[in-house]
Amino acid sequence: MKHAASVTAPNKYVLIWDVVRRIPRGRVASYGQVADLAGLAGHARLAGYALHASAADALPWHRVVNAEGRLSLARTDPSSGMTQRLRLEREGVRFDARGRVDMTRHRWRPVVGQSARRPLEPSR
DNA sequence: GCAATGACGCTCT
DNA sequence: CAGAGCGCCATTG
């Protein structure tokens, strides 16, 4: 069925869910970023699949947006867009006039070694 | 097993 | 900056 995972949940999905669960409050990550952290670099689509397959309130799925900072809605539940935006705003995530998340300020930066690289956001 | 579809992403126009 | 095209992989008919 379209709502996979209802009975079968590939380990890959579990990996993705685990990453999503680690996203801090007030921070957002893109599907590609989640896939990458889950060890599935380049497979952003799988991240989307995993989220769709997971239970609605089993994890902070609302903190996952696409690379453009826009909200990707599930065709089976278009109303999720409203829920997502409300939850994010409630966490302090700001949206611009176009309805996009300000990625430069809210993109989640998991600790990797924080040696060099780190353009650091304009922090307003 | 092939063809179509999908909570995506990157590149080119 | 917007739209179209192509690539990735898993699920479904």
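The structure is a predicted model, so local features need pLDDT of at least 70 and side-chain atom pairs count only at pLDDT 80 or more, while totals for chains, interfaces and linings use all residues. Residues are numbered from 1 along each chain as its sequence is written, chains are lettered from A and ligands numbered from 1 in the order in which they are written, and side-chain values use heavy atoms, with hydrogens and water left out.

Let us begin with the overall fold. Chain A contains five helices and two strands, where helices (H or I, at least four residues) and strands (E, at least two) are DSSP runs numbered from the N terminus. Along the sequence, these elements follow the pattern α-β-α-α-β-α-α. Of the 124 residues in chain A, 36% are buried; buried means under 20% relative accessible area, exposed over 50%, and partly exposed in between (1.4 Å probe, protein chains only). Among contacts in chain A with a separation of 6 or more, 61% join residues 24 or more positions apart, a contact being heavy atoms within 4.5 Å. The chain exposes about 8,100 Å², with carbon and sulfur atoms supplying 52% of that area; accessible areas come from the Shrake-Rupley method with a 1.4 Å probe, and for residues only the protein chains shown count as cover.

We turn next to the DNA. DNA strand B has 16 residues around it, of which Arg 45, Tyr 49, His 52, Ala 67 and Ser 72 come nearest; a residue is near a molecule or strand if one of its heavy atoms lies within 4 Å of it. Sugar or phosphate accounts for 51% of the DNA strand B atoms within 4 Å of the protein, and bases for the rest. Bases are approached by a polar side-chain atom of Tyr 49, 3.3 Å from a base nitrogen, and by a polar backbone atom of His 52, 2.4 Å from a base nitrogen.

Gln 84 sits in helix α4 (residues 80-90) and is buried, at 1% relative accessibility. The Gln 84 side chain reaches the backbone oxygen of Val 64 at 3.0 Å, a polar contact (a pair of N or O atoms within 3.5 Å; within protein, one must be able to donate a hydrogen and the other to accept it, and residues adjacent in sequence count only if both atoms are side-chain atoms). Leaving aside residues up to four places away in sequence, Gln 84 touches Trp 61, His 62, Val 64, Val 65, Leu 71 and Ser 72.

Finally, the aromatic rings. One aromatic pair is found in the whole structure. The ring centres of Tyr 13 and Trp 17 are 6.4 Å apart and the planes meet at 50°, so the pair is tilted; rings of Phe, Tyr and Trp (its six-membered ring) pair if their centres lie within 6.5 Å, with planes under 30 degrees apart counted as stacked, over 60 as edge-to-face and the rest as tilted. Both residues belong to helix α1 (residues 11-21), four residues apart, about one turn of the helix. Tyr 13 is buried at 14% relative accessible area, and Trp 17 is buried at 13%.
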